[in-house]
Every structure is written in structure tokens, then in C-alpha cells.
Amino acid sequence: MAVVIGTRNSFELVDGAGVEDVALGAGLRPGPRVLRRFDVHDKDNRRPSTRPRPLAVRQTAPEPVACEVRPRRHPAVQFVAYAAAAAVFAGLLSLLFLYTSGATTVPERTNVVHVQVGETLRDVAERSAPASDPDAVVSRIRELNSLPNSDVVPGQSLVVPHGTP
């Protein structure tokens, strides 16, 4: 097997001859034999003269791109902005809950009730449709009974929405 060994001034192609490769009585010592020597002409580059020189290519740094740097906001301003966003989100979430629970709708079924002593129209609305929005029920009671305002007297009969929506 032949091996290339690099020295300080040259490369040598060496045959790794062992004891079994040498004939007995030939007077030769077993060991490596130099088959071919390559002199190095360019000691700085240390490459064989048969291999072409690499091209000297300078790498250029990419040109910086002008980009706008956005100034950072003060932490207090960021906190207020995040708190406002959280409040808006909570408000929308509560409206969604009210809408899905049916509290914004008024029941279609009606019933006749009598106003008790000390009751207002809002109290009657809360008693007749407890799962609905009281303001929506009051406006529906005024519409059903053709009332000009929210004034009622004890013992007055009213047609009111009844039950759950």
C-alpha cells in the first residue's frame, strides 16, 4: 500500500513495505521505501504544483439596508394599552355570555298580573320574567298595555311577558 507523507519541504509517496515484502538475504532492511518525491515550490501555500491555484475571491459585506427603527413605548403606556384591550375583551365576552344565555330576549308568552303595593314597573318586570333583561321587559310591558310612562298604581292589572325566553 502506498501512502503520501507531507514533510516540511516536500511530499513523498511511500511504499509501506514490511518484513514479508523483503526477500531474505537481499541485504535490505525492512521499512518504508520512497517511491516518488514532490518538491514544494510555494512554501506558503503548501499545495502540489500540479493543482491549479485557487482564485482569490474577496467576500464583500452586504450593503446595510436603511430601515426605520420604531421607538419603544414607555412601560406605563404599554400597561395602559394592554389593560384597555383586556377590558374591551372582557366586555365583549360578557355581552356574548348575555346573548347566549337569553337574558337579552323577552319571553313571547304573556300573563295578567296585578301591581302590588309599593311596586314599580321594574319590580313587576323582574317578578314576571326573572331571566330576562328588566329594561327590555319594562319596554315590552309599556308596549303591551299602551302606557305613556312607567307610572303604575297598586291593584292595576297589566299584561306582562311571563316565564323564560
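## Exercises on a predicted fold

The protein chain has three helices and five strands. Helices (H or I, at least four residues) and strands (E, at least two) are DSSP runs, numbered from the N terminus. The model is predicted: local features need pLDDT of at least 70, side-chain atom pairs count only at pLDDT 80 or more, and totals for chains, interfaces and linings use all residues. Residues are numbered from 1 along each chain as its sequence is written, and side-chain values use heavy atoms, without hydrogens and water.

**Exercise 1.** Find the order of the elements from the N terminus on.

*Solution.* Read along the chain. The order is β-β-β-α-β-α-α-β.

**Exercise 2.** Describe the largest nonpolar core.

*Solution.* Start with the term. A nonpolar core is a set of buried Ala, Val, Leu, Ile, Met, Phe, Trp, Tyr and Cys residues joined through side-chain atoms within 4.5 Å. Buried means under 20% relative accessible area, exposed over 50%, partly exposed in between (1.4 Å probe, protein chains only). Next, count: this core has 13 residues. Leu-121, Val-124, Ile-141, Leu-158 and Val-160 have the most contacts inside it. Then place the core: α2 (121-128), α3 (134-145) and β5 (157-161) each give two or more residues.

**Exercise 3.** Which residues does Val-160 contact, leaving aside neighbours within four places in sequence?

*Solution.* Contact means heavy atoms within 4.5 Å. Val-160 touches Arg-109, Thr-110, Asn-111, Val-113, Val-124, Ser-128 and Ile-141.

**Exercise 4.** Is Phe-97 buried or exposed?

*Solution.* First locate Phe-97: helix α1 (residues 75-101). Now apply the cut-off. Phe-97 counts as exposed because its relative accessibility is 57%.
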